Amino acid sequence: MRGLVAIAAVVLVTLSSACSGGDAGSGLTDVTGTGASLLPGAAAATCPAGTQACGGSGFCCPTGTTCLANPNDVLGCGAEYCCAGCTSGTACGTGCCATGTYCSGNPGGAAGCGTSLCCSPVPEQAPCPPGVEAECPAGTRCLANRSARYCPGGYACYLASGAIGCPGETMCPNGLDFCPEDTYCAAHAGVCPVGSSSGNYCCRSYAQIGDSCDTTLCAPGLSCVTNPNCAGGDPTALKTCKGSCAGQMDCGTYCCDLGTTDFCGPPDSCLCYYWIP
């Protein structure tokens, strides 16, 4: 399934030169290869300074470029991930859009663009309601949605690279993909319930208090600790998610109620003790 998702993502960004010219009605133009670069991603356990991780893939790309999955080397860079960049303008698939335009999907019927991705004039700034603007990730601009992608409410979060996310979504580390609200961007492994917007990540739900965090991230505000074996927790997990213990006694791996607890039991016991006079 991972291969199918990745291939679909690559097909989406594959460029053709079937059409040229301009369309005064839509303003859409073809993505250009002028100034475009496509480098192989570097395999590394930790990405060095000046590079960014391609999700959890173990590959790194130079900062400012876009990570693209490259199954069966369909893009031709010779690595599992390619790094797409532009000397000017913004990256759009494996090509570029000129300064003053952004990357968008082809809605169909545009005389100026015959590719699956197009360059569209940057929309005029439209004020977003404060509550909506706050739901856009840092580094994006909240504007009236004029892209080919549907976002509820009519607003979208625009990245300088041309990628579009919807308010409330999670932006992935590659600066291209987005995952639904209350999920995080994970590497593809096993069955993926929901793929990210460009297919480079798997969108997974956070683990909650007592849930296993052996392979899943804890929800923001929770910590991953050795399993204290509390009632209601996952008895099969090596580690589980723990809350902040606000207003309680913090026993390291679990929490005890104040007023009824004088000291904690062993880390894996989930026992709260009090002195009997």
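Start by selecting Cys61: at 0% relative accessibility it counts as buried, where buried means under 20% relative accessible area, exposed over 50% and partly exposed in between, with a 1.4 Å probe and protein chains only. Cys61 sits in strand β5 (residues 59-62) and Cys83 in strand β7 (residues 81-86), so the pair ties together parts 22 residues apart in sequence. Helices (H or I, at least four residues) and strands (E, at least two) are DSSP runs, numbered from the N terminus.

A word on what you're viewing: this is a predicted model, in which local features need pLDDT of at least 70 and side-chain atom pairs count only at pLDDT 80 or more, while totals for chains, interfaces and linings use all residues. Residues are numbered from 1 along each chain as its sequence is written, and side-chain values use heavy atoms, with hydrogens and water left out.

Next, select Cys136 and Cys157. A disulfide joins them, S to S 2.1 Å, and with -80° about the S-S bond the link is left-handed. This pair connects distant parts of the chain: Cys136 is in the loop between α2 (130-133) and β12 (141-144), Cys157 in strand β13 (residues 155-158), 21 residues apart. Are these two buried or exposed? Cys136 and Cys157 are both buried.

Move on to Cys172 and Cys185, a disulfide with its sulfur atoms 2.1 Å apart. The torsion about the S-S bond of Cys172 and Cys185 is about -85°, so this one is left-handed. Cys172 lies in the loop between β15 (170-171) and β16 (178-179), and Cys185 in strand β17 (residues 183-186), so the pair ties together parts that are 13 residues apart in sequence. Check the cover: Cys172 is buried at a relative accessible area of 3%, and Cys185 counts as buried at 18%. How many disulfides does the structure hold? There are 19.

Switch to a surface view and pick Phe263, Leu271, Tyr273 and Trp275. They form a nonpolar patch with about 420 Å² of accessible area together. Patches take residues with over 30% relative accessible area and no salt bridge, joining like charges within 9 Å and nonpolar side chains (Val, Leu, Ile, Met, Phe, Trp, Tyr) within 5 Å. A salt bridge is a side-chain nitrogen of Lys or Arg within 4 Å of a carboxyl oxygen of Asp or Glu. Areas come from the Shrake-Rupley method with a 1.4 Å probe, and for residues only the protein chains shown count as cover. Zoom in on Phe263, found in strand β24 (residues 263-264); Phe263 is partly exposed, with a relative accessible area of 32%.

Now colour by pLDDT, the predictor's confidence in each residue, from 0 to 100. The mean is 81, and 87% of residues reach 70 or more. Among the elements, helix α1 (residues 2-13) has the lowest mean pLDDT (34) and strand β21 (residues 239-242) the highest (96). Over residues 1-25 the pLDDT is below 50, and this stretch has 40 contacts in the model beyond near neighbours in sequence; contact means heavy atoms within 4.5 Å.

Finally, zoom out. The protein has two helices and 25 strands, and 40% of its 277 residues count as buried.

Terms used: Disulfide = S-S within 2.5 Å.
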